[in-house]
Amino acid sequence: MPLEQRKLLTIVTEAALEHELVGEIERLGAHGHTITDARGKGGRGIRNAGWNLSANIRIEVVCTAETAHAIAAALRQRYYGNYAMILFFSDVEVLRPEKF
Amino acid sequence: MPAFDPIVLFFLLGLAAGIARADLRLPPAIYDFLTILLLLSIGLKGGVELAKQPFGALLPQMLAVVLMGILLPLAAYPVLRFAGRLARADAASIAAHYGSVSVGTYAVAVAYLAYRQVAFEEYLPVFLVLLEMPAIVVGILLARGVDRNTPWRVAAREVLLGKSIVLLLGGLLIGWVAGPRGIEPVEALFFDLFKGVLALFLLEMGLIAAGQMGSLRRHGLFLIVFGVAMPLVAGALGAGLGWMLGLSVGGTALLATLAASASYIAVPAAMRLSVPEANPALSLSASLGVTFPFNILAGIPLYHQLAEHIHRLGG
């Protein structure tokens, strides 16, 4: 079975940004995304999802390396300064490359 | 009769449990559900009453209330900026929180008045809706000036399509269209259970407020002083306006409570996206950690007494 390399871009950030980020990610060429609710602790303190404004989300995007880097660059420039946000890449292998 | 409505005890329980780090946490979905029920109950109640009012007679009152919503943040801003030495964005954001309103505080005031059998104009939820928005616009203008890059569409979406406006306005419309008879089948859920729902909501609010105490300790005395002084000044202003508009004692107390309350749902969400450089921890620890508990525990009875005084003096 032939497998192809793609990047998995994972973004953990404030739930308040969800609507904006989804639009941005699609504009930059991702074909889809998965969002899960998340909670944890980081540089901006405990984000325990007790209520809306302390809620985090994790957005996962599987896409080509170019798209992943474009998204990362755009988010870094726009949101890193003022929002709680981390993002990281991992290598993944996919069965149906045309989907990503 | 105790000085405050026993429902406040649920808030104290939540606060104590939160401070002691007890193993207590309402699932976020339950908190959402309670908020939805409260917003709809308040909206429906107002809508039913609105049906009995000639709309034209309310218009001057509505304009006056909107004007108050614009003036409050304008008055708060210089205090925050110069006495508090806060950054421009932070001062503007906190000012917006205090110009806007808290539905939770309003609900407790309604319960307080009902407990003491004080009558009030039931259409006051209309003012609640009206007061939510102007302060946000003023806050954004204070933070950014007249800037073509201001994301007004994002802010408008956040406010107009946010939970509080949609449900309050929706409830008002449904109540207005359905009338008292039409609402009867759902009364058991929205009206009879109101106090129980409010009690659970306050329990969670206590936990949330306790969570703000830590950041309050970091941000110091000024926010605590402001968080108590601002509602007192605004409450007096609201009481004065209520009397001038010819509201009853109960209505005056409620308008004072609205003026004194600070937002923690609609404004934080809108400010987070429109003025991202403002630190949300500052405005939330003031509004949730100081002003909400103050209003619930001491403010509301005070505004009620104030309303009584003004009516006695002014006739």
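The legends below describe close-up views of a predicted model.

**View 1. The largest nonpolar core and its contributors in chain B.** This core has 101 residues, and those with the most contacts inside it are B:Phe127, B:Leu198, B:Phe201 and B:Met205. Helix α11 of chain B, which covers residues 194-219, gives the most to the core, with 11 residues. When residues up to four places away in sequence are not counted, B:Phe127 touches B:Gln61, B:Met62 and B:Val65, as well as B:Leu247, B:Leu255 and B:Leu258.

**View 2. A second, separate core with residues from chains A and B.** This core has 19 residues, and among them are A:Ala30, A:Tyr79, A:Met85 and B:Leu273.

View 3. A:Thr67 has its place in helix α2 of chain A, which runs over residues 65-79. With a relative accessible area of 13%, A:Thr67 is buried, because the cut-off for a buried residue is under 20%. Leaving aside neighbours within four places in sequence, A:Thr67 is in contact with A:Leu28, A:Gly29 and A:Ala30, and A:Ala30 is also included in the second core of 19 residues.

**View 4. Helix α12 of chain B and its packing.** Helix α12, made up of residues 221-244, has 24 residues and reaches 35 Å from its first C-alpha to its last, close to the 34 Å expected at 1.5 Å a residue. Just after α12(B), B:Gly246 takes a positive phi of about 80°.

**View 5. Two loop residues of chain B with positive phi.** Most residues other than glycine have a negative phi. B:Arg85, in the loop between α3 (55-83) and α4 (88-99) of chain B, has a phi near 50°, a positive value in a residue other than glycine. B:Arg85 is exposed, with a relative accessible area of 74%. B:Gln117, found in the loop between α5 (103-115) and α6 (125-132) of chain B, likewise has a positive phi, near 55°, and counts as exposed at 73% relative accessibility.

How values were computed. Residues numbered from 1 in each chain as written. Chains lettered and ligands numbered in written order. Predicted model: local features only at pLDDT ≥ 70, side-chain atom pairs only at ≥ 80, totals over all residues. Heavy atoms only, no water. Core = buried A, V, L, I, M, F, W, Y, C linked by side-chain atoms within 4.5 Å. Buried < 20%, exposed > 50% of the residue type's maximum accessible area, 1.4 Å probe, protein only. Helix = DSSP H or I, 4+ residues; strand = E, 2+ residues; numbered from the N terminus. Contact = heavy atoms within 4.5 Å. Expected span 1.5 Å × (residues − 1).
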